[in-house]
Amino acid sequence: MSLEPETENTIREDVPDRPRGYVVGSAPDSIEREIGHDDFDPVGTLVLIFGYFLILVVMWVFMYFVEFLGRGMTVIG
Amino acid sequence: MEIHAYEKFWLGAALLLIVGFIATVSYGAIGAGVEMIDDDGGTVDPQNLDQHPKFSDPGVYKSGPNEYDVYVIAKQFLFQPGTSEPIRVPANSTVTFHVTSADVIHGFEVVGTNANTMAIPGQISTFTVEVDGPQEYGLLCNEYCGSAHHAMEGTMKVVPEDEFNASATAGGA
Ligand SMILES: [Cu+2]
């Protein structure tokens with residue numbers, strides 16, 4: 001007894017190009033489009049990282065120049 | 001090894017950020033003149049502060065044109081001067097604090113400013129600040145020093161120059 005259905009009537013007649021054992025929603029097992037190393041451009045990730053970088057810079061400038069140096073009576077000697 | 005163009009950008013930006021951090025701190029030290037408090041103040045015998053030329057009568061001393069020395073003793077649980085009488089300094093002057101402790105380690109902090117040091121028995125913590133216009137500051141101890149540590153506070157009054165001079169000639173400083 002095998003788990004995989006083997007009888008002819010389990011394969012739907014109206015979708016003829018589905019192979020045996022096909023899982024609904026699975027990715028195609030063949031390469032759709034081949035791209036080179038630098039052709040992969042995750043722009044969204046870049047924007048996210050750039051935004052994070054910008055927050056770091058702004059927070060550092062605020063912390064050092066406004067919160068620290070702007071606090072008055074800084075030790076100078 | 002192949003590095004993606006975006007990764008190169010991110011690595012470069014991260015390095016630039018580190019250079020920027022170092023540059024701002026260097027600017028603080030060279031441009032803004034921010035100093036660290038070290039052991040330049042020297043030592044003192046905490047048991048015999050009454051024999052010290054200045055700590056025997058702590059308070060504000062004029063040390064030059066528009067320059068003042070302030071000697072403060074921290075002890076459980078007060079600043080002398082500061083707690084029972086405020087430290088009075090004139091506006092727009094250069095003030096050098098000399099802070100020490102008569103018993104245990106205390107803190108000396110002018111609240112809301114970067115004027116802040118430890119008060120260590122036997123050690124004089126010396127630091128100079130530039131005082132702006134007239135204002136009243138709080139003082140507090142920020143090192144746990146005993147049961148009434150939370151109540152150890154004081155006042156520092158920056159008063160207009162003419163008012164300070166008037167009170168100085170009247171006998172108090
Ligand atoms: Cu304390």
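Me: Which residues is His52(B) in contact with, leaving aside its neighbours within four places in sequence?
Reply: First, some ground rules: this is a predicted model, where local features need pLDDT of at least 70, side-chain atom pairs count only at pLDDT 80 or more, and totals for chains, interfaces and linings use all residues. Residues are numbered from 1 along each chain as its sequence is written, chains are lettered from A and ligands numbered from 1 in the order written, and side-chain values use heavy atoms, with hydrogens and water left out. Contact means heavy atoms within 4.5 Å. Leaving aside neighbours within four places in sequence, His52(B) is in contact with Val44(B), Tyr71(B) and Ile124(B).

Me: Does His52(B) count as buried or exposed, and why?
Reply: Buried means under 20% relative accessible area, exposed means over 50%, and partly exposed is in between (1.4 Å probe, protein chains only). His52(B) has 19% relative accessibility, so His52(B) counts as buried.

Me: At what distance does the side chain of His52(B) reach the backbone nitrogen of Phe55(B)?
Reply: His52(B) sits in the loop between H1 and strand S1 (60-64) of chain B; helices (H or I, at least four residues) and strands (E, at least two) are DSSP runs, numbered from the N terminus. From there, the side chain of His52(B) gets to the backbone nitrogen of Phe55(B) at 3.0 Å.

Me: Which element gives the most to the side of chain B that touches chain A?
Reply: Here, 35 residues of chain B are in contact with 25 residues of chain A. H1, strand S6 (106-110) and strand S8 (125-130) of chain B each supply at least two residues of that side. With 13 residues, the biggest giver is H1(B).

Me: How many salt bridges does the rule find across the interface of chain B and chain A?
Reply: The two chains bury about 2800 Å² between them, 70% of it on carbon and sulfur atoms; buried area is the accessible area (1.4 Å probe) that two parts lose on being put together, summed over both. A salt bridge needs a side-chain nitrogen of Lys or Arg within 4 Å of a carboxyl oxygen of Asp or Glu. By that rule, the count across this interface is 0.

Me: Which residues of chain B does Pro42(A) touch?
Reply: Pro42(A) lies in the segment before H1 of chain A. Its relative accessible area is 23%, so Pro42(A) is partly exposed. Not counting residues up to four places away in sequence, Pro42(A) touches His4(B) and Tyr6(B).

Me: What is the phi of Asn66(B)?
Reply: Most residues other than glycine have a negative phi. Asn66(B) is not a glycine, but its phi is positive, at about 65 degrees.

Me: Which residue does a cis peptide bond join to Gln76(B)?
Reply: Most peptide bonds are trans. In this cis one, omega is about -5 degrees, and the partner of Gln76(B) is Phe77(B).

Conventions
Polar contact = N/O pair within 3.5 Å; in protein donor to acceptor, adjacent residues only side chain to side chain.
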